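Here is a short briefing to read beside the model. Have the sequence and the 3D view open as you go.

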Amino acid sequence: MKGLIEFVPTSLLSEHDSLSDIENSDEDTSVPSNSVLYSIFLVLNTMIGSGIFNQPFVVANTGVALFVIMFAVAATFTWLGLVTLVEVGVSLNLMDYGSVASYTFGAFGEW
């Protein structure tokens, strides 16, 4: 872990943090620290952030009306998938996607 900490830019640390605080952290990481609402926000933010750059291309190729319909369908399925993922995480007491994938798929889920 110490090798990884060396690559943390000091500009990302707050005035109360230091590299030695991170290296010597005795925090229990097995207990989820995010609330369900915050976990939903994080996953949704990731989904929106990764898909936003292709939207002008899609609108140009499909037209506005078809784009709105496709967007509504995609948003509905995204929301349903997100709710399902969070419900599984809550029922297993695992609040990150990697842990849910590892639990579900075993070693194959860790790829």
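This is a predicted model: local features need pLDDT of at least 70, side-chain atom pairs count only at pLDDT 80 or more; totals for chains, interfaces and linings use all residues.

Residues are numbered from 1 along each chain as its sequence is written, and side-chain values use heavy atoms, with hydrogens and water left out.

**Overall fold**
- The chain has six helices and zero strands (DSSP runs of H or I, at least four residues, and of E, at least two, numbered from the N terminus).
- Of the 111 residues in the chain, 11% are buried (under 20% relative accessible area; exposed is over 50% and partly exposed lies in between, with a 1.4 Å probe and protein chains only).

**Aromatic pair**
- Two aromatic pairs are counted (ring centres of Phe, Tyr and Trp, the last by its six-membered ring, within 6.5 Å; planes under 30 degrees apart are stacked, over 60 edge-to-face, the rest tilted).
- Phe 67 and Phe 71 have ring centres 5.6 Å apart and planes at 35°, so this pair is tilted.
- Phe 67 and Phe 71 are about one helical turn apart, because they sit four residues apart in helix H5 (residues 64-92).
- Phe 67 is buried at 16% relative accessible area, whereas Phe 71 is partly exposed at 47%.

**Met 70**
- Met 70 also lies in helix H5 and is partly exposed, at 39% relative accessibility.
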